[in-house]
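The stops below are given in the order in which they may be selected.

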Amino acid sequence: MSTISHPPVKEALEHLKHMYSDEEFRLLVERREQGLVDAEDMLDYARHEGAVASVATQITHKFGPLPDWASARLTHASDADLKRWTLRVLDAQNLEDIFA
């Protein structure tokens with residue numbers, strides 16, 4: 001990076017170098033970054049749980065209460081499984097058709 005000659009870029013690099021030399025600031029930035037990652041993980045989890053609840057609601061509406069085996073399948077489902085099962089609910093004649 002020593003070959004960078006464009007003054008605004010050199011100035012920005014100097015600011016970054018100065019900021020990261022401050023240990024307290026560096027730790028603050030790392031905590032913020034980890035917080036952003038954690039927030040995204042929580043959103044992914046919430047989306048997944050919402051999809052599980054949605055499929056369970058559709059199945060229950062069409063076929064009645066879920067048996068334990070179907071609840072277990074939903075609990076351990078991947079996002080791809082949930083998408084596939086959501087569509088299968090529309091045409092399924094029985095519960096087994098959804099999970100086939």
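Select Trp85 to begin: Trp85 is buried, at a relative accessible area of 2%. Here buried stands for under 20% relative accessible area, exposed for over 50%, and partly exposed for values in between, with a 1.4 Å probe and protein chains only. The model is a predicted one, in which local features need pLDDT of at least 70 and side-chain atom pairs count only at pLDDT 80 or more, while totals for chains, interfaces and linings use all residues. Residues are numbered from 1 along each chain as its sequence is written, and side-chain values use heavy atoms, with hydrogens and water left out.

Rings of Phe, Tyr and Trp (its six-membered ring) pair if their centres lie within 6.5 Å; planes under 30 degrees apart count as stacked, over 60 as edge-to-face and the rest as tilted. Trp85 belongs to helix H4 (residues 79–91) and Phe99 to helix H5, so the pair ties together parts 14 residues apart in sequence. Helices are DSSP runs (H or I, at least four residues), numbered from the N terminus.

How many aromatic pairs does the structure hold? There are two aromatic pairs. Select Trp69 to display the pair that Trp69 forms with Phe99, which is edge-to-face at 5.4 Å centre to centre and 75° between the planes. This pair links distant parts of the chain, with Trp69 in helix H3 (residues 68–75) and Phe99 in helix H5 (residues 95–99), 30 residues apart. Trp69 is partly exposed, with a relative accessible area of 38%. Viewed together, Trp69, Trp85 and Phe99 are linked into a cluster by ring pairs.

Is His48 buried or exposed? His48 is buried, at a relative accessible area of 16%. Apart from neighbours within four places in sequence, His48 is in contact with Ala77, Ser78, Asp79 and Leu82, where contact means heavy atoms within 4.5 Å.

Finally, select Tyr20 in helix H1 (residues 7–21). Tyr20 is partly exposed, with a relative accessible area of 42%.

Conventions. Helix = DSSP H or I, 4+ residues; strand = E, 2+ residues; numbered from the N terminus.
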